[in-house]
Each structure stands twice: as structure tokens, then as C-alpha cells.
Amino acid sequence: MFLAAFTSSGPREVPLDATLLSRLMQKDVSAFEQLYDRHSRLVYGLVLRILQQASTSEEVVQDVFLQLWRNADQYDSSRGPFVPWLCTMARNRALDHLRLKSERQRRREDQPEELPSVVVAPDYEKALDEKRRAERVRALMASLTPQQKKAIELAYFEGLSHSEIAATLKEPLGTVKSWIRNGLLRLKEGLQATT
Amino acid sequence: MKNCDQFRELIEAYALGALDPEDRAALEAHLAAGCPDCAKAVEEARWLVCQLAYTAPEATPSDMLKGRLMQTVRAEAQSERKPRMLPTKNAIPSWLWVGVAALLVFSVYSAWTTRRLQNEIREANERAATLGIEHGRVLEQLADAKREAMIMMDPTSRKIALWGEHAHPETLEAKWHSQLGVCIVGDKVPMPSANHVLQVWFIPKKEGAKPMPSAMVRPDANGKLMLYVSAPPESMDDTKAIAITEEPAGGSGWPTMPILWSGKVT
């Protein structure tokens, strides 16, 4: 039960998201608007952190929520909570945009849109409201070494691989691997301890 | 060949998307082989990585973004609602029923029109055939009239007076043209009995030869008689006389009634 501190939503919110999603599958515009009002700040903040440009970030957020509107039936609420799935979709879309911009990887325009698989909550997971969860994760990240934090952020927000991070930081590959792994394990242990 | 513990060291980086291609391919092959412990570890690592989204500072998108989204969503909801409602109310859209009805009406009208046109064509053909026959008859009559006129006016035609017998004192006149035939005319000719006609006979000179039956005619309502005989005997010189009797309609092969008019061919 050590990860109870970062469940996707509280006991009241999980069924509410699920209820809204159920209505969304029936093309309920009101349900869509409530989901947008509830989660758009988190999604937009994530995308803006990755792309660093407001107008482009709004385009990506628009794509993400339109995908949600059009493909809500692809989300299986019984397998996992909604917010991690939504954030994964937003991150993937933003990183695609970033890679397209940098011409490292061009995504064909006619390529079918792929939605992420559901992020399954661990057995030990407990509900926690979003605000407390965000505070806890930020606090734990702040407790990592600067190198660990930097390496994880380069991977998560810029989509860089071990080798690319090593090249960017001008550090040995093995060192970068250790920073990332140890940082994430420390984050995990911190969340367990919170629970 | 890596063992399971070695793969476990890659799992967090894999969930983060930070593995280089070779490591990622090796781990995915291991997962595809069906290692349940590593698969569970990947799910937990993905969950952990998802929490990193909270490290990004929250930001508020513009109201314009929400406005654009809601406008698009409302438009799509409206367009999706229409086709969803139609099948529940009526499997076939109303415009299709109208089309089918129009097609049926058109088909019936076409069949009726076709039948009417066929009838009209048939009647027109019948009228044309009748007119053709009539035309032929008129042409024939015209030709006969021309021949009759030529026979009557040609000075080479031999004139034969047909004297009446008994109750028929009126005199008829025949003219015989060696090429065109014989023409017989008369006025105030008594009408033969019902179902009877006046029949012309050519009486040969040869002893014992029987009379040659020829054309039949009934005078008109005014008693005017005009008869053209297109095929008289070949030689006038072999004919003794021309006679007319009253015979049953359709004529006779042998005179059955007394001679009403007769005249010698001279």
C-alpha cells in the first residue's frame, strides 16, 4: 500500500471520471466539457513543459482532447484510471510534435492515430486527490540529486534516450543509466514511504 | 543472453522511453517470450513514470482553446446524432420512400403510356392499311374511269346498243375497245331484286357454245349504271351478242333468268 499517495484520483473522483467517460461514449458534450475543465490545466502544463511554446502547446492539447472525444470508447476504465492514460497520450503527442519539429522523426500525416494503452494501477495503489498527489511527486523529485533529476527530465520531457542524454550532458552512458534508474527507484521508494 | 535480473534493470528506463534501440529490442523480445514478473514490473514502472506529469507546472490554456474545442465537439455531436436516430425511427429514410413511390408511379405511367402508344400505333397501322386498301381501290376506280372514258371516246370502240326486253324498255349502250375492254352505261335502269345483281353475258357465235359469264353490277340509287368489263372475249368477231340478266348476288355460271337487255355485236 506504499503508493497510495499517488493514485490518479480520490475515491469520489475515480467513479466520477468513469461516469463522465461513460457519458462521453454516448457523445455527451456536457461530460466532455467537465472532463476538459477538470484536467486541461494538468495536460496543458505537461505539453507546455515539453514544447515550451504556448500556441503549439494549445494545438497539441486540442488534438489530445479531440482524440478523447472521438475515441473515448478505446479507453477501458475497468483496467486503469483515466488521468495517467490522458497524460500518457498528451506526452506522446507532444514528443511526436517535438521530434517532427526537430526532424529527428517525421510522423506521416496519414498515419492512424494511436492511443496509449491503459496505465494499470499497481495493486498497492490507493486513491489520493490530485492536488496532494502532485505536491508529493514534486517534493520527491526535488529531493533527487540534480543529475538524477536532470537525466529523468531529459528523458521524460524531451524524449531523449540514454545515449542522447549522455551526449547532451557529456557524461558516460553507464553513469546516465544509473542516474535514471536510481532516481526513479528513489521516487518509487519515496512514494511507498508516503503510503 | 541476459537473465531476468538484468532485464529488470532496464524496465524503468523502458517505461520512460529512454532505452536505446538495442536494449529496447532485447527487453521487448523478453517480454514477448512471456515473463510474467517482468511484465508486471513494466506496468508498475509505467505507472511510476506517469506520475512525472505532476512535476510539470500546471498552466491554464486560453479560453479560445476551449471555445474552439467545444465548437468542434458540438458540431460533431450534432452530425453524429442524426444518422444514429434515423435507423431507430425508420430503417429506410423518407426520401428513399418518396423515391420508390415516384419510381412506382413512373413505372405505372410508363406501362400505361407504352400500352396506349402501342394501341395507337396498332390503330394507326390499321388505318394506314385501310387507307392503303382504299387508296388502291380509288386508284383502281380512277384507272377504270380513265379506261371507261377512253373506251367511250375512242372512235375505234365498237358501239353496241342493248335493247330492253319485256318490262325493261330502257336502252343501254356498250362500247367495246379491242385493247381496253368493254364499257356499258345506262340511265333509269330499274333496280334488280334484293340479293340480285345484273350480270353481263357474252354470247359466242359458235353454235352450241355456252354463254360466257362476265361482270356484275347494280345501278346506283338514281338508276345510273356504269360497268366496265376488263376481260371480254379475246375476239369481238367471235362474239355474237352481249346480254344482261338478273342473277342471284355473286353471279351464276349459266343464265338462270330471262334476258333483260341484249344487243348484237356487229
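These legends cover close-up views of a predicted model. Local features need pLDDT of at least 70, side-chain atom pairs count only at pLDDT 80 or more, and totals for chains, interfaces and linings use all residues. Residues are numbered from 1 along each chain as its sequence is written, chains are lettered from A and ligands numbered from 1 in the order written, and side-chain values use heavy atoms, without hydrogens and water.

**View 1. Chain A has eight helices and zero strands.**
The elements run α-α-α-α-α-α-α-α from the N terminus. Helices (H or I, at least four residues) and strands (E, at least two) are DSSP runs, numbered from the N terminus. Chain A has 195 residues, and 50% of them are buried. Buried means under 20% relative accessible area, exposed over 50%, and partly exposed in between (1.4 Å probe, protein chains only). Of the contacts between residues at least 6 apart in sequence, 72% join residues at least 24 apart. A contact means heavy atoms within 4.5 Å.

**View 2. Chain A meets chain B through 65 residues of chain A and 43 of chain B.**
The area buried between the two chains is about 4,800 Å². Carbon and sulfur atoms give 63% of that area. Buried area is the accessible area (1.4 Å probe) that two parts lose on being put together, summed over both. The rule finds 19 residue pairs in polar contact across this interface, both residues at pLDDT 80 or more. On the side of chain A that touches chain B, α2, α3, α4, α5, α6, α7 and α8 each supply at least two residues. The largest share, 13 residues, comes from α2(A). By class, this side has 37 nonpolar, 11 polar and 17 charged residues. Ala, Val, Leu, Ile, Met, Phe, Trp, Tyr, Cys and Pro count as nonpolar, Asp, Glu, Lys and Arg as charged, and the others, Gly among them, as polar.

**View 3. A:Asp37 and B:Lys66 meet in a salt bridge.**
Their N to O distance is 2.9 Å. A:Asp37 lies in helix α2 of chain A and B:Lys66 in helix α5 of chain B, so the pair joins two chains. A salt bridge is a side-chain nitrogen of Lys or Arg within 4 Å of a carboxyl oxygen of Asp or Glu. A:Asp37 is partly exposed at 43% relative accessibility, and B:Lys66 is partly exposed at 22%. Salt bridges with shared partners join A:Glu33, A:Asp37 and B:Lys66 into one network.

**View 4. A:Lys188 forms a salt bridge with B:Glu44.**
The closest N and O atoms are 3.6 Å apart. The pair crosses from helix α8 of chain A to helix α4 (residues 36–50) of chain B. A:Lys188 is partly exposed at 21%, whereas B:Glu44 is buried at 18%. Chains A and B share eight salt bridges. Another of them pairs B:Asp23 with A:Lys177 (3.3 Å, N to O).

**View 5. B:Glu76 touches A:Trp69 and A:Arg70.**
Residues up to four places away in sequence are not counted here. B:Glu76 sits in helix α5 (residues 63–89) of chain B. B:Glu76 is buried, at 19% relative accessibility. The side chains of B:Glu76 and A:Arg70 make a polar contact (2.5 Å). A polar contact is a pair of N or O atoms within 3.5 Å; within protein, one must be able to donate a hydrogen and the other to accept it, and residues adjacent in sequence count only if both atoms are side-chain atoms.
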